[in-house]
Amino acid sequence: MTSTSHNQTPALDRADRTWLDTHIDGPVLIPVDHDYASETATFNLTLAHRPLVVVGATSTADVQNAVRFAGRRGLPVSINATGHGAVVSATGSLMINTSRMSDIKINSVAPYARIQAGVRANQLIPAAGEHGLAAISGSSPLVGSVGFTLGGGLSPVFGRSKGFAADHVRAFKIVTADGQLRHVTADREPELFWAVRGGKGNFGVVTELESGLFPASRLYGGGLYFGGEHAPAVLETWRGWVEHLPESLSTSFCLLRLPDLPFVPEPMRGRLTLHLRIAYLGSADEGAALVEPLRAAAPAFLDTVAEMPYANVASIHNDPTEPGVAVDRTALLRELSPQALDTLLSLAGPDTPPENHLMMTEVRLLGGALSRPPALPNAVGNRGDAEFCLFIASIPAPVEGDIERIRAVEERFLDRMAPWGTGGMYANFMSTEDTSAASVRMAYDAVAYERLVGIKKTYDPSNMFRINHNIRAA
């Protein structure tokens, strides 16, 4: 490698480029190449990557050769599959884009799915659905299934009845910092098996993952949409209602302030909206009876809660499908008492002053299997004492200083809700604002974190895999 000038990232020299071109079957791209921008693109445009080189991996062998090259050159390795989960700049790294590794195999008898590193939820869901099966996936259909699982994997449908996606991993293949491909199970390298399921991408590049599926072809779900003026009454009903739900019903709410722009549905344009989400793994009749108190709480201007194919599960949350700039934060809550709800509404409800407006305030109900230890222990943290997950986010206006305003508003929001917080965070919802060592510790209890550090020392002592919410070896 050569350096173009002082303080600039080293450039890839001719010999390095030749070696990579010879040993990598997929494309090898540097900043001047035409497809470099699309290979390095993020979903949250707050962060842009500029790695030294991008390897478009088409196989495990490509991943191994890329990692070995990075090891010889002393480069950090970053991973890009779908652009989601980018929290630290990958500038100067060797980036491995795994999106081409999209093979899916379904075993309908066991049942489980074996997926490669680049598979998205919207690829896995229909593949499993062909067999009358469902995979644990998140609210967005565009998120990579492997990354989602390594960070825990909180399902808005199966979470309360089945736990985290990481709880159902049977085996995986991972390329560690030494370039070795390891076949990992509960019996084969059990420490690594424990750590990767919840420890995110700190220990290597997972190239293949085998995870359980569940019989489900339909569910009763959708959204109830209320004008913001009804938020206090409806959420007080919701707060009491969730205390007696079966684990087969998952729910959340989101207070939305969408802009007055043509692409926003007219009833939600430029006003506060309360969106209640419902997902029930039972009959439509039972689901309707369970949801009736919410429907009676206030008049909804839109009600999409009905029996639906599991393939349409993404419509429950309607997460954004286009990349954009966003600033977000998260926290875990041990309760949503009347005082906690009043405080939340003062921060995000109909009487919140405009200078404190955020685009979305979401609260997800946890509990059930999410609070219980899994059959195969893993590193997913903060299970037992969290009853709700809080997530706040906003898209900055194109005016100077709005990103700083949002950061300050979100920080005050978390401070005000802290009396009801657990002091922990859910790893997959942590953002670019949560990358300090102290923040990363908040995703795990103290004993688990020290165990993760020890495993990091074993498998990645030089911290090659640090472009993430980093668990440091020292």
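The legends below describe close-up views of a predicted model.

**View 1. Helix 1 packs against helix 3**. Axes here are lines fitted to C-alpha atoms over the stretch in contact, and angles run from 0 to 180 degrees between N-to-C directions. The angle makes helix 1 roughly antiparallel to helix 3, a term for angles over 145 degrees. On the side of helix 1, D16, W19, L20 and H23 meet D62, N65, F69, R72 and R73 of helix 3, contact meaning heavy atoms within 4.5 Å.

**View 2. A cis peptide bond joins A110 and P111**. Omega of this bond is about -20 degrees, and P111 lies in the loop between strand 5 (104–107) and strand 6 (112–116), strands being DSSP runs of E with at least two residues.

**View 3. E189 has a positive phi**. Although E189 is not a glycine, its phi is about 60 degrees; E189 lies in the loop between strand 9 (181–184) and helix 7 (190–199). With 23% relative accessibility, E189 counts as partly exposed, the class between buried (under 20% relative accessible area) and exposed (over 50%), for a 1.4 Å probe and protein chains only.

**Notes.** Residues are numbered from 1 along each chain as its sequence is written, and side-chain values use heavy atoms, with hydrogens and water left out. Local features need pLDDT of at least 70 and side-chain atom pairs count only at pLDDT 80 or more, whereas totals for chains, interfaces and linings use all residues.

Key: Helices (H or I, at least four residues) and strands (E, at least two) are DSSP runs, numbered from the N terminus. Angles under 35 degrees count as roughly parallel, over 145 as roughly antiparallel, 65 to 115 as roughly perpendicular and the rest as oblique.
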